[in-house]
Amino acid sequence: VGKAEQLKLRPRPGNDGDAAFILLAGRWKYKAGAAMSALPRPPAAPGTNPNVPTVLYNGMIAPIVPYGIRGAIWYQGESNRERAYQYRTLFPAMIGDWRKHWAQGDFPFYFVQIAPFGYGGDRGEAAELREAQVMALRTPNTGMAVTMDIGNPRDIHPTNKQEVGRRLSLWALARTYGRSDVACSGPVYRSMKAEGKSIRLSFSDAPGGLVCAGPELTCFTIAGSDRKFVQAKAVIDGDTVVVASDAVPEPVAARFAWGAADEPNLRNMAGLPASSFRTDDWPGLTHPANR
């Protein structure tokens, strides 16, 4: 190796002579350090676990509060699954708290809805958490990227984060930077109407109609006054979906993608998926009355 190509250190800045450099070429010496097993156990640091209240905020958010920001993106919720009803209050409160501390008004806050995952023993808690996230959209200047089609029922950390980021960027482009040509939301459930043996579901954010990304719509269930949900057949009719089942002659409620690991295929013309939803307001598993 030529002298010009050798790695070297310069311990004294300001002196360009060769004497100022320490050449790294040649034989190296090393000294073995102590084995980890021989070192004393470090003292426990109480209160530094990320699940301890205030730890994440004080460690990661408070230090950057003085800085100007354009907005925030958020991807979290899985650990709150069993307290989904609480999340209805907790999440909007956090958004409001950040906005209060930054004192920059209602800056954009875009977040990711939790993806499908086969939580062991889940009886509907994951769907209730997703419902709480939908409710957070009532908070001004928020948006939600739905990931019902890009999750992994066997991995709580699905790998397709590129598409997650792209969908968040759609919200920023459309709502923050004023791109009227950009669609950012999938179909949003708006209302239901009982029609004899079927229920008609209406949606917003479906310009041009709805799309089924498969042979037929999946993950719809329907129930009568007994509140027992069964699988239902669903068909698209313009910007509505008609749901029915022979097992429920007098339906009163419908649900969509209410299973923890459901991967439904309802989209809008922009290719963006619909969130899970329900037409009923029956107390869920995480409601205080059922705890």
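1. How many of the 11 residues of α3 are buried? In this predicted model, nine of the 11 residues of α3 are buried, and the helix is mostly covered. The buried residues of α3 are Glu125, Ala126, Ala127, Glu128, Leu129, Arg130, Glu131, Ala132 and Gln133. If you look for what they pack against, you will find α2, β4, β5 (142-145) and β15.

2. Thr176 lies in helix α4, which covers residues 161-176, and because its relative accessibility of 17% falls under the 20% cut-off, Thr176 counts as buried. When the neighbours within four places in sequence are left aside, the residues in contact with Thr176 are Arg70, Pro108, Tyr110 and Trp171. With Tyr110 there is also a polar contact between the two side chains, at 2.6 Å.

3. The largest pocket has a volume of about 800 Å³, and the elements that give two or more residues to its lining are α1 (55-61), β3 (72-75) and α2 (84-102). Of these, α2 gives the most, with six residues. The lining of the largest pocket has 22 residues in total, and those nearest the centre are Pro50, Leu56, Trp74, Gln76 and Met94. Sorted by class, this lining holds 15 nonpolar, five polar and two charged residues.

4. The second largest pocket holds about 580 Å³ of space, and its lining is made up of 29 residues, with Glu131, Val134, Met135, Ser276 and Phe277 nearest the centre. At least two lining residues come from each of α2, α3, α4, β6 (188-195) and β15 (277-278), and the largest share, four residues, is supplied by α3. The classes in this lining are 14 nonpolar, six polar and nine charged residues.

5. How many cavities of 30 Å³ or more does the count give? The count comes to one cavity of 30 Å³ or more, and the space in the largest cavity is about 40 Å³. The lining of the largest cavity is formed by Ala145, Val146, Arg167, Trp171, Cys184, Ser185, Gly186, Leu272 and Pro273, which divide into six nonpolar, two polar and one charged. Trp171, named here in the cavity lining, is also one of the residues in contact with Thr176.

6. An open sheet of four strands runs in the order β10-β9-β13-β15, with antiparallel pairing. The edges of this sheet are β10 (230-231) and β15, and because each has a single partner strand, one side of each is left without a neighbour in the sheet. Between β13 (residues 253-256) and β15 there are two bridges, and the two strands run antiparallel; across this pairing, Arg255 stands opposite Arg278 in β15.

7. Strand β12 (residues 240-244) can be followed through its two listed pairings. Four of the five residues of β12 are buried, so the strand is largely enclosed by the rest of the structure. Strand β7 (residues 198-204) is joined to β12 by five bridges in an antiparallel arrangement, where Ser202 stands opposite Thr240. Strand β11 (residues 233-237) also pairs with β12 in the antiparallel sense over five bridges, and here the bridge partner of Ile236 is Val241. In the hairpin of β11 and β12, two residues lie between the strands, and Gly238 takes a positive phi near 70°.

Methods
Residues are numbered from 1 along each chain as its sequence is written. This is a predicted model: local features need pLDDT of at least 70, side-chain atom pairs count only at pLDDT 80 or more; totals for chains, interfaces and linings use all residues. Side-chain values use heavy atoms; hydrogens and water are left out. Buried means under 20% relative accessible area, exposed over 50%, partly exposed in between (1.4 Å probe, protein chains only). A polar contact is a pair of N or O atoms within 3.5 Å; within protein, one must be able to donate a hydrogen and the other to accept it, and residues adjacent in sequence count only if both atoms are side-chain atoms. Contact means heavy atoms within 4.5 Å. On a 1 Å grid over the protein atoms alone, a cavity is a set of points where a 1.4 Å probe fits but cannot get out, and a pocket is an open set with protein on both sides within 12 Å along at least five of seven lines; lining residues have an atom within 4 Å of a point. Grid points are joined across faces, edges and corners, and a volume is the space filled by probe spheres set on the points. Ala, Val, Leu, Ile, Met, Phe, Trp, Tyr, Cys and Pro count as nonpolar, Asp, Glu, Lys and Arg as charged, and the others, Gly among them, as polar. Two strands pair if DSSP finds at least two bridges between them.
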